[in-house]
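Subject: A structure for you to look at

Hi there,

Here is the structure I promised to pass on. Please open it beside this email and follow along as you read.

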Amino acid sequence: MVPARPYVFATRELPGAAWSAVRARAELAIWPGPGAPPAEVLRREAARAQGLVVRLTDRIDAPLLEAAPALRGVAGCSVGAAA
């Protein structure tokens, strides 16, 4: 059963007001760091989440996705440099 407000887990904090739109629509939990959450934490949070916001260095593989039956979306955040 999907809760009235979806649960979103983010593996890192983002600067500024990046999370205000998510918080308006979902329950948001952000790994407090430093660094990436351990694999077991990511797996536990993914298992209850409808959404994940991850960095490119976070390992999102078939076993993690199989352990997350309610997961509806995974968003990757990265930083690029202008040429």
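Predicted model: local features only at pLDDT ≥ 70, side-chain atom pairs only at ≥ 80, totals over all residues.

Residues are numbered from 1 along each chain as its sequence is written, and side-chain values use heavy atoms, with hydrogens and water left out.

**The cavity**

Rolling a probe the size of a water molecule over the atoms shows where empty space is left. On a 1 Å grid over the protein atoms alone, a cavity is a set of points where a 1.4 Å probe fits but cannot get out, whereas a pocket is an open set with protein on both sides within 12 Å along at least five of seven lines; lining residues have an atom within 4 Å of a point. Grid points are joined across faces, edges and corners, and a volume is the space filled by probe spheres set on the points.

The structure has one cavity of 30 Å³ or more. Ala10, Thr11, Arg12, Leu14, Val53, Val54, Arg55 and Cys77 line the largest cavity. Strand 3 (residues 51–55) gives the most to that lining, with three residues; strands (E, at least two residues) and helices (H or I, at least four) are DSSP runs numbered from the N terminus.

**Thr11**

Thr11, one of the cavity-lining residues, sits in the loop between strand 1 (7–10) and helix 1 (20–25). Is Thr11 buried or exposed? Thr11 counts as buried because its relative accessibility is 1% (buried means under 20% relative accessible area, exposed over 50%, partly exposed in between, with a 1.4 Å probe and protein chains only). Not counting residues up to four places away in sequence, Thr11 touches several residues, including Trp31, Pro37 and Asp58 (contact means heavy atoms within 4.5 Å).

**The pocket**

The largest pocket has a volume of about 170 Å³. Among its lining residues are Pro37, Leu42, Arg43, Asp58 and Leu64. Helix 2 and helix 3 (62–66) each supply at least two lining residues, and helix 2 has the largest share, three residues.

Most peptide bonds are trans. The one from Gly33 to Pro34 is cis, with omega near 0°. Look for Pro34 in the loop between strand 2 (27–30) and helix 2 (39–48).

Happy exploring!
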